Amino acid sequence: MLEADVIQYRGFHNIVEDGKITGFQVCVRSDYYRGVWLSQLRPGRVIVDGELFPWDTIIWNINGKDYTTAEMAENSTDFWHVDKPAILKIKKDGGLSQGFHDVTVRFFASCSYMPPSYDTFDDNTEFTSFNGGTYTRKNMCIV
Amino acid sequence: MEKKIKRGVSIYSYSGEYGRTMDLEDCFKDMHDMGATGIEILANSHIDSYPVLSDEYLSKWKSLCETYQVEPAEYGHWIDTRLYKNRNMTGEEARRVLINDFQIANALGFHVLRTKMGVINGELAPFPEWKEVILSVLDEAAKYDVIMCPEIHLPSLLQDQFVLDYVDFINMTGTKNFGLNIDLSVFQNRFNVEGVVSYNQDTRHNEPEDIIPLLPYVKCIHAKFNRMDDDFNELTIPYPEIIRVLMDNGYEGYLISEYEGINKNVPGYVSHELRKQHVMMKRILGY
């Protein structure tokens, strides 16, 4: 089962590669009531304690598979389910420090059955609707 | 009395809890409590192996239907025309997805599909190529014994041009594999009700008798509801009048509850609202 918040406490930790901390990951659930093909996703920025990580530098891991945002944009065969989290992997030398962090994630999904205006995704606003938006969770804890 | 109109639930209603505080079996259990006999699932939400139907899911599905005495009533799926950021899906892509959904629906025991079309404007008119796409899969729909039903939903009206086009299409082709799903939101006639968010700014709506000429084409009805009071009345949609029209004019099929009100993510809230709505429907139906 997932946590009620879009941004999950669980799954938040630094990423270690070859003995070095190269970044961190954070898990999100979809806030849309239905799962989506990856090409329907409009991935956005991540902000941690005011530091911005641009949308196209983030790797999304869905069903155990890593995707760049460019790969997702063309992928209409793989699917993100509502009851499974996506893992966002973010490069940052040394990772995040031990203790609390405020995390913001932005993403949307296209919804063809609603008027076309619902599918205008702008990464630089805070607009949130049923099919996505900006989500923040404070005091996320790195051990 | 023969029970021609049956009560069901779209488990879309539980979307604020699904995957968090409720799983698929919890939905079945809740429906069983209220004597609802038909379930609507959304393929894209409630099949955890979608777009594949896994053996595990299929066997769990059969066992849940049997345990809780619930039958497959409607299978929700989409023609996601705006599939990509920079282009729409092609007719061939639409065909592929549709046939895959027919196969899954058939395996799970569904005959009625809610086929959610991509739209092009604020009145929710479907994408212009819908006829070609639907024509291209009619043979497969017959083979898998399914009826595609686009949903007519607020702010659309029953007399909108595209609804007439659907009816013409059924008459011209003579197909048995295309019909209509009417969402009762088109009859919503109260908009300033506390705790109800209005998505219909100009408040245009249908009267209950407007559905009569469409009934031969209606394969499923979404019993949309926004707010129940504690005397078992729905506060925004004229249920007694609508159900009377359906009974008097021989509608046979499901009323599938779809909760669209507040507090969907409060554990238990929707289950309580559904119970109240089903008390209302039982009282009006007389069984």
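Predicted model: local features only at pLDDT ≥ 70, side-chain atom pairs only at ≥ 80, totals over all residues.
As background, most peptide bonds are trans, and most residues other than glycine have a negative phi.

You will find B:N263 in the loop between β9 (253-259) and α8 of chain B. B:N263 has 14 C-beta neighbours inside 10 Å and therefore counts as partly exposed. In chain A, A:D49 has a positive phi near 50°, again in a residue other than glycine. A:D49 belongs to the loop between β4 (41-48) and β5 (51-53) of chain A. A:D49 is exposed, because the number of other C-beta atoms within 10 Å is 12, and 12 or fewer is the cut-off for exposed.

Now the helices of chain B, starting with α7. This helix covers residues 239-248, and its buried residues include B:Y239, B:I242, B:I243 and B:L246. Where do the buried residues fall, seen down the axis of α7(B)? They fall within an arc of 90°, and therefore they line one face of the helix. What they pack against is β1 (5-10) and α8 (269-285), both of chain B.

The axes of α7(B) and α8(B) come within 10 Å of each other and cross at roughly 45°. An angle of that kind makes α7(B) oblique to α8(B). The crossing of α7(B) past α8(B) is right-handed. On the α7(B) side the contact is made by B:Y239, B:P240 and B:I243, and on the α8(B) side by B:M280, B:I284 and B:L285. By class, that contact has 6 nonpolar residues, with no polar and no charged ones.

The second pair is α4 (residues 91-108) and α5 (residues 130-143), also in chain B, which pack at an angle of about 30° with their axes 10 Å apart. These two helices are therefore roughly parallel to each other. Here too the crossing, α4(B) past α5(B), is right-handed. From α4(B) the contact takes B:G91, B:A94, B:R95, B:L98, B:I99 and B:F102; from α5(B) it takes B:E132, B:V133, B:S136, B:V137, B:E140 and B:A141. The residues of this contact divide into 7 nonpolar, 2 polar and 3 charged.

Two single residues next. B:L24 is in helix α1 (residues 24-33) of chain B. B:L24 counts as buried because it has 21 C-beta neighbours inside 10 Å, and the cut-off for buried is 20 or more. Not counting residues up to four places away in sequence, B:L24 touches B:H46 and B:L64.

The other is B:E74, in strand β3 (residues 71-78) of chain B. Is B:E74 buried or exposed? B:E74 is buried, since 28 other C-beta atoms lie within 10 Å. Leaving aside neighbours within four places in sequence, the contacts of B:E74 are B:E40, B:F110, B:V112, B:L113, B:R114, B:C220, B:Y254 and B:I256. B:E74 and B:G109 are 35 residues apart along the chain, and their C-alpha atoms are separated by 9.6 Å.

Last, the two chains together. How many residues does each chain bring to the contact? Chain A brings 21 residues and chain B brings 26. On the side of chain A that touches chain B, the residues are 11 nonpolar, 7 polar and 3 charged.

Conventions: Residues numbered from 1 in each chain as written. Chains lettered and ligands numbered in written order. Contact = placed C-beta atoms within 7 Å. Nonpolar A, V, L, I, M, F, W, Y, C, P; charged D, E, K, R; others polar. Helix = DSSP H or I, 4+ residues; strand = E, 2+ residues; numbered from the N terminus. Arc of directions from axis to C-beta. Axes fitted to C-alpha atoms, helices over the stretch in contact; angles between N-to-C directions. Parallel < 35°, antiparallel > 145°, perpendicular 65-115°, else oblique. Left-handed = near helix turned anticlockwise from the far one by under 90°.
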